[in-house]
Amino acid sequence: MLIVFEGIDGSGKTTLSNRVARELRRAGLRVRHVREDGKLASPVSESLRLFTKNPRNLALTPMAELLLYAARETQLLEEVTRPALAEYEIVIADRFLYTAEVLARWGRGLPEHEVRPVLDACARGLQPDRVFLIDVDPAIARARRRISKLLAPPQGTSSRKGLAGVGMQARLRAGYRSLAAESPERWSLIENADVPLDTLVTLLVQEVQRLVKGEAPDAAPVRARPVSPIRSLAEARVRFLSRLDGWMKEEPQLAAWFLAGLEGADIEQRRKLLAGQCPALIAHGLTGLTDASAWDLRRQLEEAAPVQVLGSLKDLAAEDPEAWALRERWETRKQEAVADSLEGLDAERAWTLRERIYFSAAEQVVGSLAGLGGERAWEERGRWLSDMGGEAALGLERVARIACRSIRGVDDERAWEWRERAWEAAPDAVLRSLDRLDSERAWELRERHVARAPRAVLGTLEGLDVPRAWALRESFGVQCEEVLDSFVGMEGATAWKLRLALADTWPAATVKNLGPLAFTPRGRSLIERLLESHPHDFALLRQAVRATQDPTTQELRDASA
């Protein structure tokens, strides 16, 4: 019997499939999981997975990508899955050929008549006995992935698929749900949002046991509770905090993550309750906050989570005395994190600190030069390149990524020479280095590669109010939520036209995009309309709370008192 778990990245399918496999073994069944603990049992398939994931392969076309994904799954089927089906009672797979189909059709836009014959040939008649679609709001899935990366930073680079932006996850989710609707006799929809993990595991184990016994599967999908409309900003805050309180019991890391950047006595109370359980996440969420409570928490958490506390200094004023005191307390123990906290700072105090920690954190020091194009910055870059013995010492890709971080937002001739040298090894990092550049060279590079890496390209448009920027935003807004992050707070007619056009496609990003406009009658009216139309959107709830954190608004300050 073949049981498949499908769903978008961060849906929880890997965790659930592994837990279910263990519970079934405890129940006495012979079980083989072909992707135990997230690693494919076939080395060939694992190598193909890493190839398709690597952003260095930016030029990979949608059809070539489909064939590689199909090859990955076919190799696993032939090498591991089919033999296991002859030996074990139950074979569990975390992903199947459906992954390739959903990415090709809904993710990349290939037509069904081109995709299905390829995958049918690969399957050779094999179909799962049951597919569990682990379904979740993409915002929650994204938070879970980011939590994992924060707590256990990956050794490799980011995923090539991620270059498409947040919109990719929404399209993939729609694709999975469409396949499930086409074949309800084979697929079970399991919503992994407000149902405790242990409850889900129990339900899934019982479902598999029924299948083993030849009993009819449970036809009722596991769904979250229906959501009623939201009529006011005060109600949105109450709803947000209620959802958060549920996670504080069942998934405290997720609750800690969603507190990031929020203010208010009710928020501070929850931060303090979670600080002991999730110190790194709470510290990370203090980024940009300067009130007394935030500084109290930084001092409380710095021994437990120094890297995240230092990271929270991003965007603080260069002269902030508390920030400098914190850096100096840690400069002999966490030099790399201290160096990272200096990003973009051009004050003499920053240069002096860079010099003191250079030999312990050279890569981070040179990375902290982002946005700095003066001679002093170029001398530091030259020293780093010379000290580490050229590109061969660290490996070309790593050197390229460090270099591109260092020249982000720098538009002189030397920066372009570095970009040309880095392109082959790290094209995505080169594109990200174009941050806010308005030169002809930058625009040519953006326009040539935006279709392959919209997220990376559109992320460099922040604050650019020129026709070419608006043309890119208008072309990719429907498929790429990050468009809205590039013109936060802009008031012109063009900005409002695009904001309103994308509002119902990306409601949470639209509220974030308002920035200070959230406090205007027009901004508040838009937020209220979106809350009423999209009450199920948790990311929208959070952005509504964040966007309306006006300390003079008593209604919001006391909403949940």
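This is a predicted model: local features need pLDDT of at least 70, side-chain atom pairs count only at pLDDT 80 or more; totals for chains, interfaces and linings use all residues.
**Two pairs of helices**

Let's start with how some helices sit against each other. Two packed helices are described by the angle between their axes and the distance between the axes. Take helix α2, residues 43–53, and helix α3, residues 62–85: their axes are 8 Å apart and the packing angle is about 165°. Angles over 145 degrees count as roughly antiparallel, and α2 and α3 are therefore roughly antiparallel to each other. The crossing of α2 past α3 is left-handed. On the α2 side, the contact is made by P43, V44, S45, L48, R49, F51 and T52. On the α3 side, the residues are L68, Y69, A71, R72, Q75, L76 and E79.

Further along the chain there's another pair to look at. Helix α27 covers residues 507–514 and helix α28 covers residues 521–533; their axes come within 10 Å and cross at roughly 165°. That angle makes α27 roughly antiparallel to α28. Here too the handedness is given: α27 and α28 cross in a left-handed way. The contact is made by P507, T510, V511 and L514 from α27, together with G523, L526, I527 and L530 from α28.

**A helix with a buried face**

Now have a look at helix α17, which runs over residues 348–357. Which of its residues are buried? They are A350, W351, L353, R354 and I357. If you look down the axis of α17, these buried residues fall within an arc of 165°, so they line one face of the helix. And what covers them? The cover includes α15 (321–330), α16 (335–340), α18 (362–367) and α19 (375–387).

R354 also leads us to the next stop, S368. You'll find S368 in the loop between α18 and α19. It is buried, and its relative accessible area is 0%. The S368 side chain makes a polar contact of 2.8 Å with the side chain of R354, one of the buried residues of α17. Setting aside neighbours within four places in sequence, S368 is in contact with A339, L342, E343, G344, R354 and R405.

Another pair worth a visit is R237 and T548. R237 belongs to helix α9, residues 233–250, while T548 is in the loop between α29 (538–547) and α30 (554–557). Along the chain they are 311 residues apart, yet their C-alpha atoms are separated by 9.8 Å. Are they buried or exposed? R237 counts as buried at 5% relative accessibility, and T548 counts as buried at 6%.

Each has a polar partner as well. The side chain of R237 is joined to that of D266 by a polar contact of 2.9 Å. The side chain of T548 reaches the backbone oxygen of A544 at 2.5 Å.

| Residue | Partner | Distance |
|---|---|---|
| S368 | R354 | 2.8 Å |
| R237 | D266 | 2.9 Å |
| E413 | R441 | 3.2 Å |

**A partly exposed glutamate**

E413 is in helix α21, which spans residues 413–422. At 47% relative accessibility, E413 counts as partly exposed. Its side chain is joined to the side chain of R441 by a polar contact of 3.2 Å. What about R146? E413 and R146 are 267 residues apart in sequence, and 35 Å apart in space from C-alpha to C-alpha.

**Two residues with positive phi**

Last, a bit of backbone geometry. Most residues other than glycine have a negative phi. R95 is not a glycine, but has a positive phi of about 95°. D315 is also a residue other than glycine with a positive phi, in this case near 75°.

Where are they? R95 is in the loop between β3 (90–94) and α4 (97–107), and D315 is in the loop between α14 (306–311) and α15. How do they compare in burial? R95 is buried, with a relative accessible area of 7%, whereas D315 is exposed, at 66%.

Notes
Residues are numbered from 1 along each chain as its sequence is written. Side-chain values use heavy atoms; hydrogens and water are left out. Buried means under 20% relative accessible area, exposed over 50%, partly exposed in between (1.4 Å probe, protein chains only). Helices (H or I, at least four residues) and strands (E, at least two) are DSSP runs, numbered from the N terminus. The arc is that of the directions from the helix axis to the C-beta atoms. Contact means heavy atoms within 4.5 Å. A polar contact is a pair of N or O atoms within 3.5 Å; within protein, one must be able to donate a hydrogen and the other to accept it, and residues adjacent in sequence count only if both atoms are side-chain atoms. Axes are lines fitted to C-alpha atoms, for helices over the stretch in contact, and angles run from 0 to 180 degrees between N-to-C directions. Angles under 35 degrees count as roughly parallel, over 145 as roughly antiparallel, 65 to 115 as roughly perpendicular and the rest as oblique. A crossing is left-handed if the near helix is turned anticlockwise from the far one by less than a right angle, and right-handed if clockwise.
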